[in-house]
Amino acid sequence: MGLPKMKKNTLWSVVLIACLIVVVGIGLSQLLSKEKGSTSVERTGEKAGETAAAAGAPDVLQNAAAAEKLVQPLANPLTVVKKRIKGMSARNIKRSLKYLTKVTHVAGTDGAEELGDWIHNKWRRGGFDKVEKKGYDALLSYPSTKPNERNKVELLDFDEEMDEFVTIYENTPEELDPTVNNDEVMQAYNAYAKAGVVTGDLVYVNYCRVDDFIQLRYSNVSVEGKIAICRAGTIFRGDKAKNAAHFGCIGLLFYSEPDILAQLWNLPKYPESEYIPETGIQRGSLMLNNGDVQTPGYPSLDGMYRIPVEDVDLPSIPVQPISQVDARYLMRRMAGQEVDQFQWQGFLPNVTYRYGPGFVNKTEKVRLSVYNKLEVRKVYNIIGTIYGRTEPDRYVLIGNHRDAWVYGAIDPSGGTAIMMEIADVFGTLKKKMNWRPRRTLIFCSWAAEEFGLIGSNEFMEDYGRIMGMRAVAYLNLEILVQGNYSMEASSSPNMKEALYEAARMVPDPDGSDDSLYDLWKDRQLFNQLHGRDAPPRVGTLGGGSDYASFVGQCGVSSMNAIYMPDPMRAMYAVYPVYHTRYETFHLVRDIVDPDFIYHKTMGQFYASLMLIMSNSKILPFNCRDYSDDLANQFKILNESHGAAIREQNIDLSPLSNIIDELKEATKLFHQRMNFIDTAQPLEVRRANDQLMMFERAFIDPVGLPGRPYTRNVVYAFSKQNRYSSAKFPGIVDTMYQLINSDEPDPKLWTVIRQQISTVTHAIRSAIYTLEPYHVTE
């Protein structure tokens, strides 16, 4: 018996009810699934926050929440990447800096390794594809820890009754810092200063430059067998020690001058301001060579040959930094004629600056005792990698050193705190959104930079052949924020336009509608003084930081930037408490950048530059800027030394002509770049390889005269001052030797001829790198 027939309306009602039940069921299922997913993300964020808090790390809940939004499908991921960079957290940077400055972390000590492990763990959990802890054995230098072997400076007087010299004054250690509780600070010293005890008369040598010793000779002031005292600054302290020994001094003291404005206006000192208190002592290394000095040219790994310590080129005299208190005490007692040049006048209160030698009381002498010890210790680089999606074999590197002489709140920890936030941005994008840049990103926390760029140099000696083929650019962070006025930058000339582009992507930290680029341009001193609207000046790189090995050994285009104070209000190039125990978290939080606005700005700038370098289809290098800069540098060389060179029948025209050819070659190359078919991967790759390899052409495998491991023949740090840059360094350094020698070696003119040929050949090689791969009609 069949079912009774249903009416038509009744049938349609049943169908509609069934559809409604299905729709409601699907909706409830999606709602429950969404709630479950949200709960999972929240729990993941909570767990990440708990783990970070346990490690003393910044709060990552904000980043987890941002990452949750990134999981959703997006039409333009790059828009979200830029938005994430713009939303970088000043709060995170502040918290990272607080953690990084909680203990002293001299290279090779437990404090430095603790921070390395913290960075390693953060990157390993933060979405990186690979994180490595790579160790190297390095010859380091430390003061003795024995109670009776404290480095010291004494004033002695001859006691006739005792028939011997007795101590009437001994230098005092730095006062404890009232802003920190940790007083386990290594005594002030100069790394690699020769251990020994010397006694003699004191002589004032200004900044201890070669020119200063020549001036003393003109003034009939003898320095042979004397202990020199000099002011910190102007040139690298290691060059000071070299010069003092070369001119016959048996020891060297140096001190930090009071700031002139602080003196004139009676400004407060630290902890109320950034100005150095009179007990402050600037530490630092005297090493003139980069990397581990026992394994030059090769990484200091297990099994590598190490030059015996006695055969290593180290400072040959005892050297010790002292405070203003001690310098004033000694210099007020000095005899001799008053200094007769303004450039020699200092600002120690109630001191008449005299050359010496010796003291008014002729029986008084200075005794310098240095008990430094040499020791091989393992130091560690932390290297984190996020592989590129399209060109994983092309690397954009960013790095900063980790070690500090004490707390290092500005040098280097401010840069490290910023790098940690940049790493969090890119790591979160990869981890939560599966976004990768076109090229590989490599984050580097270098070890033992303060001792002589050891970590970065050993890395380049270890991986130099790979970096020579694959490294696109190196971005260096170190002293990133020491003021709140405007940015300054230095770079390889071909990176200048990329720096401008990155600065245009960053908002004005002072809150206007302008960009960081506009602020940088408008506050440039040249534009202000002359009413001009010129692009911001980008300087050339010296040798004072970790970019030196990238530029000098492999020709990897590099850059460095810093946020500076107003030059009209702060008459110093480097913040006054540099390398002292007063470089603390308090200094940054309460004085330099209380809201960490400028730290965030520099983070946005570096992250934007990293994005540009790693994600642009065509590398943002402009070779024309390089050729223009070389033309300007040749003009300076010709004006300074051209006449003297031509007097020796040495022809500079081959160098001049090849620079003209380079200008034409770079012009034609960039014209051809306008017609590249960017839809063709091989064509893009060929063009990028030419751009990347252009600066490699300036690397000479023989190296510079007397500097075989510094190989860039057009840009290198100066042989007279590693802080500054030398252009055509082989020529300029040799001319300096000829000019400043009493009896110049005629063979040095042969070196000049050779170096002109070497540079000419290098520039010709650069032209070859830009030539088209195919025959043009």
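**Entry 1: the second largest pocket**

I looked up the second largest pocket and found a volume of about 780 Å³. The model is predicted, so I note its limits: local features need pLDDT of at least 70, side-chain atom pairs count only at pLDDT 80 or more, and totals for chains, interfaces and linings use all residues. Residues are numbered from 1 along each chain as its sequence is written, and side-chain values use heavy atoms, with hydrogens and water left out.

A pocket here is an open set of points on a 1 Å grid over the protein atoms alone, where a 1.4 Å probe fits, with protein on both sides within 12 Å along at least five of seven lines; lining residues have an atom within 4 Å of a point. The volume is the space filled by probe spheres set on the points, which are joined across faces, edges and corners.

I counted 40 lining residues for this pocket, of which Leu-288, Asn-289, Arg-707, Thr-710 and Phe-717 lie nearest its centre. Helix 7 (237-246), helix 12 (454-470), helix 16 (547-554) and strand 19 each give two or more residues to the lining. Helix 16 gives the most, with five residues. Helices (H or I, at least four residues) and strands (E, at least two) are DSSP runs, numbered from the N terminus.

**Entry 2: aromatic pairs**

I paired rings of Phe, Tyr and Trp (its six-membered ring) with centres within 6.5 Å; planes under 30 degrees apart are stacked, over 60 edge-to-face, the rest tilted. The count came to 32 aromatic pairs. Tyr-189 and Trp-405 have ring centres 5.8 Å apart and planes at 90°, so this pair is edge-to-face. Tyr-189 lies in the loop between strand 3 (164-170) and strand 4 (190-191), and Trp-405 in the loop between strand 13 (391-401) and helix 10 (413-433), so the pair ties together parts 216 residues apart in sequence.

Tyr-626 is in helix 19 (residues 623-647) and Tyr-715 in strand 19 (residues 715-717), 89 residues apart.
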